[in-house]
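Trainee: Could you show me, step by step, how to read the features of a protein model?
Mentor: Let us open one together and take its features in turn.

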Amino acid sequence: MAARPARKPPKPHSAQVVRTERLTPHMQRVVLGGDGLADFSADTCTDHYVKLLFPVDGVTYPEPFDIQRIRAEYPREQWPVTRTYTVRAWDPELRHLTLDFVIHGDEGLAGPWALRVRPGETVRFLGPGGAYAPDPEADWHLLVGDESALPAIAAALEALPRGAEVRALVEISGPEEEQKIDSDAEVVWLHRGDRPVGEALVEAVRALRFPEGRMHAFVHGEASWVKELRRMLRVELQVPREAISISGYWRLGHDEDGWQASKQDWNARIEAEQEKNTNRQRAAA
């Protein structure tokens with residue numbers, strides 16, 4: 001078997017804040033631009049993401065900025081802190097990169113930064129990554145997520161042709177968090193209120209009557225409820241793995257550093273468990 005080619009390190013970029021906008025009480029938009037985006041592109045996936053780099057207080061990094069050099073020469077605790085955000089939109093002509101941030105008051109790192117950052121400030125990031133775009137050959141599309149997945153779901157809806165068969169369900173805290181999306185597809189906004197995150201989504205998907213034909217699904221958000229829908233789709237309904245983009249963007253009680261450190265093992269364990277259940281069901285049939 002031929003060896004896999006070495007994975008290229010993520011490409012660093014530098015940009016300036018063009019403008020900011022408060023979309024809803026808990027969603028802040030930051031638009032980046034500048035000459036540093038001359039060789040940036042995000043036009044193949046609707047779940048493209050970038051990893052913002054936040055410098056550690058009191059640490060000065062060499063110029064020109066080189067993340068590989070920093071990781072080779074600096075102790076780990078002095079590496080820039082990364083936070084991952086979906087590309088809401090990319091305008092290649094203006095070279096404008098739009099990112100939307102979920103805001104939880106003063107909690108976290110990136111949310112408070114997005115509220116206080118001002119036009120002209122420099123932002124460094126890595127990317128983009130990404131793996132999903134709506135399959136044009138699919139008969140219908142299932143898009144499911146909480147607030148963290150809303151930028152990717154909105155991008156997918158806007159990429160789909162008018163009249164496409166879509167079932168889009170988005171859980172948000174309340175009606176004030178609904179957003180206007182440039183799509184003719186109906187979005188079912190599920191208002192969480194005081195319920196646990198994802199509970200309404202799991203109920204809604206279980207109650208959904210699936211159209212006929214081949215489905216292509218995008219299911220992302222908090223890891224626990226994603227796990228429940230993964231079991232439903234992969235084990236109960238026997239949906240092929242390649243027909244679903246499904247993953248936990250975040251996990252309740254974990255910051256991104258902790259979740260990213262355990263995410264691969266979590267996903268592998270859940271997939272193995274559900275593969276075993278699928279095989280058991282097939283053997284019993």
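Trainee: How much of the protein chain do buried residues make up?

Mentor: A word on the source comes before the answer: this is a predicted model, in which local features need pLDDT of at least 70 and side-chain atom pairs count only at pLDDT 80 or more, while totals for chains, interfaces and linings use all residues. Residues are numbered from 1 along each chain as its sequence is written, and side-chain values use heavy atoms, with hydrogens and water left out. A residue is called buried under 20% relative accessible area, exposed over 50% and partly exposed in between, with a 1.4 Å probe and protein chains only. By that rule, buried residues make up 46% of the 285 residues in the protein chain.

Trainee: How many helices and strands are there in the protein chain?

Mentor: Both are DSSP runs numbered from the N terminus, a helix being H or I over at least four residues and a strand being E over at least two. The protein chain has 6 helices and 11 strands.

Trainee: In what order do the 5 strands of the open sheet stand?

Mentor: The general idea is that strands of a sheet pair through backbone hydrogen bonds, either parallel or antiparallel. Two strands are taken to pair if DSSP finds at least two bridges between them. Here the order is S9-S8-S7-S10-S11, and the pairing is parallel. Strand S9 (187-191) and strand S11 (244-250) each have a single partner strand, so they stand at the edges, and one side of each is left without a neighbour in the sheet. Strand S10 (residues 215-222) is joined to S11 by 6 bridges, and within that region His220 stands opposite Ser247 in S11.

Trainee: Which strands does helix H4 lie across?

Mentor: To compare directions, axes are fitted as lines to C-alpha atoms, for helices over the stretch in contact, and angles run from 0 to 180 degrees between N-to-C directions; contact itself means heavy atoms within 4.5 Å. Helix H4 (residues 199-207) lies across strand S7 (140-145), strand S8 (166-172) and S9, and runs at about 160 degrees to S8.

Trainee: What joins S2 to S5, and in which sense do they run?

Mentor: S2 and S5 run antiparallel and are joined by 6 bridges, with Leu32 standing opposite Leu97 in S5. S5 also pairs with S4 in the antiparallel sense, over 4 bridges, and there Asp91 stands opposite His96 in S5. S4 and S5 form a hairpin with 4 residues between them, and Arg95 in the turn has a positive phi of about 55 degrees. S5 is mostly covered, since 6 of its 7 residues are buried.

Trainee: Which residues touch the most other members of the largest nonpolar core?

Mentor: In soluble globular proteins, nonpolar side chains tend to be buried together. A nonpolar core is a set of buried Ala, Val, Leu, Ile, Met, Phe, Trp, Tyr and Cys residues joined through side-chain atoms within 4.5 Å. In the largest, which has 23 residues, Leu32, Leu52, Leu97, Phe101, Trp113 and Phe125 touch the most other members. Another core, of 22 residues, lies apart from it and has Leu190, Ala200, Met215 and Val226 among its members.

Trainee: How far apart are Leu53 and Leu126, in sequence and in space?

Mentor: Leu53 lies in strand S3, and it counts as buried because its relative accessibility is 8%. Leu53 and Leu126 are 73 residues apart in sequence and 7.5 Å apart in space, C-alpha to C-alpha.

Trainee: How many aromatic pairs does a search of the whole structure find?

Mentor: Rings of Phe, Tyr and Trp (its six-membered ring) pair if their centres lie within 6.5 Å; planes under 30 degrees apart count as stacked, over 60 as edge-to-face and the rest as tilted. The search finds 9 pairs. The rings of Tyr61 and Tyr74 have centres 5.8 Å apart and planes at 45 degrees, so this pair is tilted. For Tyr132 and Phe218 the centres are 4.7 Å apart and the planes at 35 degrees, so that pair is tilted. It links distant parts of the chain, with Tyr132 in the loop between strand S6 (122-129) and S7 and Phe218 in strand S10, 86 residues apart. Both Tyr132 and Phe218 are buried.
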